Amino acid sequence: MTDSRIAKAQLAADGPQVGVQGLGCMGMSWAYGPSDAGESRAALERALELGVTLYDTADAYGAGENEKFLSPFFKRHREDVVIATKFGISSSPEEPYKRIIRNDPPYIRQCVEASLKRLDVEVIDLYYMHRRDMGVPIEETVGTMAELVREGKVEHLGLSEVTAGELRAAHAVHPISAVQSEWSLFSRDIEAHVVPAAKALGVTLVPYSPLGRGFLTGSFSNADTDLTDQDFRRTMPRFTGENAAANVALLEPIRAVAEAHGASPAQIALAWVQQQATVHGLPVVPIPGTTKRSRVEENVGATRIVLTADELALLEPIAAKVAGDRYPDMTFASAGRE
Ligand SMILES: NC(=O)c1ccc[n+]([C@@H]2O[C@H](COP(=O)([O-])OP(=O)(O)OC[C@H]3O[C@@H](n4cnc5c(N)ncnc54)[C@H](OP(=O)(O)O)[C@@H]3O)[C@@H](O)[C@H]2O)c1
């Protein structure tokens, strides 16, 4: 592992430059079971040392806890970090994983004020709509987001899990800097419409869960047996039961390519996502999530791996064979709405 900083990418035409790999911070407070706060802080600091500048959170991650947890780190390094957070998903304490989706203007205004307060910053660098509320026209939602830009509360706008049509409609109201959607060796549905639309509009792709929520690393093989009760992945169809058993077999080519590079499967999964920038011709800034300093180093190392055409061909068939949906409830995902 070298200590040199990673390359940079442009976060949309009018956006800032960011490290070509960002850091997903969700798991530091939520979703994947208990984490060690001290180790998470060490991971954040190490990431910045290595040139990671885009940090991803959301108001939904631990009902604001993740934003609060990150605040001291952001304040310490305000000039060097690009803070991305999101509105649009909430839940009740009784059912923490049941999603309530809202995109209406009064709700957005309430959310941005709450995020600014929890983060304790003057401005959010990149503000995403986390999920689409089908009861509100996208133009109205983005119109309100654009007002936040004019008011100086938000610098750049992003959308998560949108269709190509929604992206185009939104972009016509106000430039969209980034689309954040799931993209990995296991989840490639956005390549059909969203990626070409982002390319045409000059929008950066920010792949979330680029490690297939950890499954592509081989760190767990069945969520039912390998993960704690508090782990959200136990509700995800592709990580449980027969689907998990079938999907584990799909990791073999990733292991083979990893061996050839003297790399880990995680690094190959990340190198593949990163290389989609070249394959599709648009900026791609994946945000792998980790709560561990050593894994930040490992994951950042993937930005220097280039896969050969033969290796890409070996990895190509994997996604089409994956058993099970990405989410227990797919109505909130962009797939199927095109
Ligand atoms: N927009 C959306 O709807 C949405 C949805 C999901 C996630 N996100 C964002 O995307 C970020 C990343 O996605 P994600 O966290 O769901 O999934 P991910 O990045 O695909 O995988 C994260 C999992 O992999 C493990 N991991 C990371 N590096 C590893 C390595 N080198 N070796 C072995 N295991 C490793 C992590 O555990 P350790 O912590 O133990 O390393 C964690 O369990 C999130 O943090 C969040 O900010 C956005």
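1. Let me start with Ser 209, which is buried because 23 other C-beta atoms lie within 10 Å. A residue counts as buried if 20 or more other C-beta atoms lie within 10 Å of its own, exposed if 12 or fewer, and partly exposed in between, with C-beta atoms placed from the backbone. Ser 209 sits in the loop between β11 and α7 (223-226). Its phi is near 45°, a positive value in a residue other than glycine.

2. A word on the model before going on. This is a predicted model, in which local features need pLDDT of at least 70, side-chain atom pairs count only at pLDDT 80 or more, and totals for chains, interfaces and linings use all residues. Residues are numbered from 1 along each chain as its sequence is written. Helices (H or I, at least four residues) and strands (E, at least two) are DSSP runs, numbered from the N terminus.

3. Ala 63 is another place to look at the backbone: this residue is not a glycine, yet has a positive phi of about 50°. Ala 63 belongs to the loop between β4 (54-56) and α2 (65-76). With 15 C-beta neighbours inside 10 Å, Ala 63 counts as partly exposed.

4. Now the sheet. Seven strands form an open sheet in the order β3-β4-β5-β8-β9-β10-β11, with parallel pairing. The edges are taken by β3 (23-24) and β11 (204-208), each with a single partner strand, so one side of each is left without a neighbour in the sheet. Two strands are said to pair if DSSP finds at least two bridges between them. As a reminder, strands of a sheet pair through backbone hydrogen bonds, either parallel or antiparallel.

5. On one hand, four bridges join β8 to strand β5 (residues 82-87), and the two run parallel. You can trace Leu 126 through both pairings: Leu 126 is the bridge partner of Ala 84, and in β9 the bridge partner of Leu 126 is His 156. Met 129, for its part, stands opposite Leu 159 in β9.

6. The next step is from β9 to β10, which pair in the parallel sense over three bridges. Gly 158 has Ala 178 in β10 as its bridge partner. Five of the five residues of strand β10 (residues 178-182) are buried, so β10 is largely enclosed by the rest of the structure. Both of its faces are covered, with Ala 178, Gln 180 and Glu 182 buried on one side and Val 179 and Ser 181 buried on the other.

7. Which helices pack at an angle of about 35°? They are α3 (residues 105-119) and α4 (residues 138-150), with their axes 9 Å apart. Axes here are lines fitted to C-alpha atoms, for helices over the stretch in contact, and angles run from 0 to 180 degrees between N-to-C directions. From α3, Pro 105, Ile 108 and Val 112 meet Glu 140, Thr 141, Thr 144, Met 145 and Leu 148 of α4. Contact means that the C-beta atoms of two residues, placed from the backbone, lie within 7 Å. By class, this contact has five nonpolar, two polar and one charged residues. For the classes, Ala, Val, Leu, Ile, Met, Phe, Trp, Tyr, Cys and Pro count as nonpolar, Asp, Glu, Lys and Arg as charged, and the others, Gly among them, as polar.

8. Leu 270 counts as buried, with 29 C-beta neighbours inside 10 Å, while Gln 275 is partly exposed, with 18 other C-beta atoms within 10 Å. Not counting residues up to four places away in sequence, Leu 270 touches Pro 210, Leu 211, Pro 286, Pro 288, Asn 299 and Ala 302. Leaving aside its neighbours within four places in sequence, Gln 275 is in contact with Val 306 and Leu 307.

9. Finally, the ligand. Of the 29 residues around the ligand, Gly 24, Met 26, Leu 211, Gly 214 and Gly 289 come nearest. A residue is near a molecule or strand if its C-beta atom, placed from the backbone, lies within 6 Å of it. The shell divides into nine nonpolar, 14 polar and six charged residues. Helix α11 (residues 293-301) gives the most to this shell, with three residues.
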